[in-house]
Amino acid sequence: MLILLLPLLAVLLPGSNPANGVQEHTSFQVIQISFYANQSWAQNQGSGWLGKLQTHGWESESGTIIFLHTWSRGNFSNEELVDLELLFHFYFIGLTKEVQNYASQLQFRYPFTVQVRAGCELLSAESPRSFFQVAFEGSDFMSLQDTTWLPAPEGGDQAQKVCDLCNQYEGIKEMAKSLVKNTCPRFLLGLLDAGKMDLQRQVLPEAWLSSRPSPGSGRLLLVCHVSGFHPKPIWVMWMRGEQEQLGTKEGDILRHADGTWYRRVSLEVAPAEAAGLSCRGRHSSLGDQDIILHGGHGLSMSLIAVAVMAPLVLLAVLVLCCKKRW
């Protein structure tokens with residue numbers, strides 16, 4: 001089936017042209033975070049990601065997949081999606097039981113966290129790459145290579161023991177291999193096809209500056225706002241000439257109701273240091289052009305507004321006073 005879909009990949013990913021909006025989304029991965037508090041309580045979280053864009057969630061209570069976009073089902077049938085849903089549901093149940101059963105034997109000390117990253121990457125039409133990696137407490141622990149679990153050097157003897165145990169389950173290894181090598185590339189291609197209109201959408205950002213005194217410090221907080229852009233990836237930084245300001249604080253990228261995004265970055269400086277600063281932004285919709293807002297210009301806009309509005313307000317007061325006298 002994958003061979004039949006490879007021509008579609010060649011159309012969606014022509015060469016390595018960075019202007020192609022889909023080029024950023026050449027991988028799909030499922031991320032699992034499992035927290036084991038004690039022998040009887042554990043919590044599993046799951047999510048699906050197309051590149052850096054989250055496309056799926058996991059409802060652990062009901063054991064169902066959450067589709068975050070209208071095209072998140074790709075080209076899979078309802079039957080195929082139900083099968084995957086059941087597979088993940090029983091996987092989480094079985095994994096939790098097995099980990100709790102062997103935790104003492106494998107010298108896992110509660111509480112602990114297990115992270116799993118599994119998926120595929122389409123480097124070209126001819127060479128999809130798959131991966132299945134496990135981390136323990138944030139460090140590499142083991143990975144599936146073809147149909148063999150291999151320990152990571154950081155995992156030590158503990159990882160080797162877990163691999164020896166997991167390698168006994170031939171059926172599970174074959175299923176895991178099939179999911180990342182066959183199912184994943186086919187699902188990824190379906191996502192790229194179903195979501196290409198949204199993924200290739202380019203919307204220019206709007207940007208503006210604001211400032212206010214930083215409470216209790218006698219310093220000035222400069223804020224650069226960038227809004228209404230799509231796709232999500234963006235770079236924004238406070239600069240002095242060509243030098244990035246290390247004190248820049250980046251806020252989260254927030255989603256608007258229309259599917260575009262917003263980000264703010266801030267920098268706290270002494271008032272005398274504000275002159276000469278600029279906010280610079282880069283986004284795919286701008287091509288080779290950067291957004292550049294100069295701090296002095298942005299801060300003077302409020303003064304210009306006051307200068308324009310003050311005469312108008314004064315004129316309105318005079319007119320009212322004259323009307324009352326007449």
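**Entry 1: the model**

I am working from a predicted model, and I read each value below with that in mind.

**Entry 2: serine 227**

I looked up serine 227 and found it in strand 10, which covers residues 219–229. Is serine 227 buried or exposed? With a relative accessible area of 13%, serine 227 is buried, since the cut-off for that word is under 20%. I then asked which side chain makes a polar contact with the side chain of serine 227. The partner is the side chain of histidine 256, at 2.9 Å.

**Entry 3: a nonpolar patch**

On the surface I found a nonpolar patch formed by Val82, Leu86, Phe90 and Ile93, which together have about 360 Å² of accessible area. I checked isoleucine 93 individually: this residue belongs to helix 2, residues 78–102, and is partly exposed, with a relative accessible area of 36%.

**Entry 4: aromatic pairs**

How many aromatic pairs does the structure hold? I noted 14 aromatic pairs. For tryptophan 58 and phenylalanine 92, the ring centres are 5.5 Å apart and the planes stand at 45°, so I recorded the pair as tilted. Because tryptophan 58 lies in strand 3 (residues 53–59) and phenylalanine 92 in helix 2, this pair ties together parts that are 34 residues apart in sequence. Tryptophan 58 is buried, at a relative accessible area of 13%, and phenylalanine 92 is buried as well, at 9%.

I next turned to phenylalanine 112 and phenylalanine 136, which form a tilted aromatic pair with 5.5 Å from centre to centre and 40° between the planes. Here too the pair links distant parts of the chain, with phenylalanine 112 in strand 5 (residues 112–122) and phenylalanine 136 in strand 6 (residues 128–136), 24 residues apart. Phenylalanine 112 is buried, with a relative accessible area of 1%, and phenylalanine 136 is also buried, with a value of 16%.

**Entry 5: the ring cluster**

Terms used
Residues are numbered from 1 along each chain as its sequence is written. This is a predicted model: local features need pLDDT of at least 70, side-chain atom pairs count only at pLDDT 80 or more; totals for chains, interfaces and linings use all residues. Side-chain values use heavy atoms; hydrogens and water are left out. Helices (H or I, at least four residues) and strands (E, at least two) are DSSP runs, numbered from the N terminus. Buried means under 20% relative accessible area, exposed over 50%, partly exposed in between (1.4 Å probe, protein chains only). A polar contact is a pair of N or O atoms within 3.5 Å; within protein, one must be able to donate a hydrogen and the other to accept it, and residues adjacent in sequence count only if both atoms are side-chain atoms. Patches are made of residues with over 30% relative accessible area and no salt bridge: like charges are joined within 9 Å, nonpolar side chains (Val, Leu, Ile, Met, Phe, Trp, Tyr) within 5 Å. Accessible areas come from the Shrake-Rupley method with a 1.4 Å probe; for residues, only the protein chains shown count as cover. A salt bridge is a side-chain nitrogen of Lys or Arg within 4 Å of a carboxyl oxygen of Asp or Glu. Rings of Phe, Tyr and Trp (its six-membered ring) pair if their centres lie within 6.5 Å; planes under 30 degrees apart count as stacked, over 60 as edge-to-face and the rest as tilted.
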